[in-house]
Amino acid sequence: MKKPVLVIMAAGMGSRYGGLKQIDPIDKEGHIIMDFSIYDAVKAGFEKVVFIIKKENEADFRESIGNRMEKQIQVEYVFQDLNNIPDGFEVPEGRVKPWGTGHAVLSAINAIDGPFAVINADDYYGQQAFQMIHDFLTTQEDDEKYHYTMVGYMLENTLTENGHVARGVCETDADGKLTAINERTRIEKHEAGPEYTEDDGVTWVSLPNDAVVSMNMWGFTGSMLKELKERFAGFLEENLPKNPLKCEYFLPFVVDELIREGKADVTVLKSRDRWYGVTYKEDKPVVVAAIQSLKDAGLYPQNLWK
């Protein structure tokens, strides 16, 4: 079997952080969250990482992030480009928004020839997640169905004290296969436990602490790239007339289509690790303290790359 590749969606980094130079380190050694993801991936057995970035950020990205990784893991760069769309389509006048996570992954089609894992650039996933997804991708192959995977987290391990979050709440069957992801765009931590609202807080619906949620950590065989390519034109044809400036080709939507068509199944791997991210500026001290506690516990060296 071909060795799995780690794909990191980082094309949004410049816009979210006001330029790569301004990315906040989360420890005194200057590491960012992505350093820990790559460290965990290397430890789990990944030997190549593909960064999906914007072309205009390439020099800054190499200097700020990429160059220090190259001694640890094979590095390749691909570019998410708004103009990279099928023949017969044009970028609508005034469109600046990227085409979404499905299009981002499709940008890597020439850099991947086998199984691959996909993560967000600015999320901390934990060591267990990378080991589980690597083990799955090195032991599973497509047969009459595509066999994909997703690492799910317990909802309570992904919440913030500082406001609301959006999460995809997963439903699974008796075999642990994904059957649906329900997008809940406003979940808050309340005294009684997690609750979500769909009417701006007029009514709230409770969710179990151990509800499994998707944090955009996926594992695919190479078949996913073929499906993303084949379905993109149909997506544009349907959605450009309705929402030319903001429609997005989301990766989970394509996964959902393949499940409903019976072409794929998705094994949900459950991580007990805590997920960390900086949704609000007030979250940063929590992440800084958590990373230091993980170092103090011996899970990471003080300096990852020395």
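Student: How many residues does helix H6 have, and what distance does H6 reach from its first C-alpha to its last?

Tutor: Happy to start there, bearing in mind that this is a predicted model. Helix H6 covers residues 223-239. At 1.5 Å a residue, a span of 24 Å is expected, and the model comes close to that. So to the count and the reach, by the 1.5 Å rule: H6 has 17 residues and reaches 24 Å.

Student: Where is the kink in H6 centred?

Tutor: The helix axis bends by about 35° at the kink. The residue in question is also among the buried residues of H6, a list including Leu228 and Phe232. The kink is centred on Arg231.

Student: Which elements do the buried residues of H6 pack against?

Tutor: The buried set of H6 includes Met224, Leu225, Phe235 and Leu236. Their partners comprise both helices and strands. They are strand E4 (116-120), strand E6 (146-154), strand E11 (212-220), helix H4 (101-106) and helix H7 (251-260).

Student: Why are the buried residues of H7 on the same side of the helix?

Tutor: Good one! The buried residues of H7 are Leu251, Pro252, Val254, Val255, Leu258 and Ile259. They lie on the same side of H7 because the arc they cover around the axis is only 160°.

Student: What is the volume of the second largest pocket?

Tutor: H6 and H7 each supply at least two residues of its lining. Among the lining residues are Arg231, Phe235, Val254 and Arg260. The volume of this second largest pocket is about 270 Å³.

Methods
Residues are numbered from 1 along each chain as its sequence is written. This is a predicted model: local features need pLDDT of at least 70, side-chain atom pairs count only at pLDDT 80 or more; totals for chains, interfaces and linings use all residues. Side-chain values use heavy atoms; hydrogens and water are left out. Helices (H or I, at least four residues) and strands (E, at least two) are DSSP runs, numbered from the N terminus. The bend at a residue is the angle between axes fitted to the seven residues ending there and the seven starting there. Buried means under 20% relative accessible area, exposed over 50%, partly exposed in between (1.4 Å probe, protein chains only). Contact means heavy atoms within 4.5 Å. The arc is that of the directions from the helix axis to the C-beta atoms. On a 1 Å grid over the protein atoms alone, a cavity is a set of points where a 1.4 Å probe fits but cannot get out, and a pocket is an open set with protein on both sides within 12 Å along at least five of seven lines; lining residues have an atom within 4 Å of a point. Grid points are joined across faces, edges and corners, and a volume is the space filled by probe spheres set on the points.
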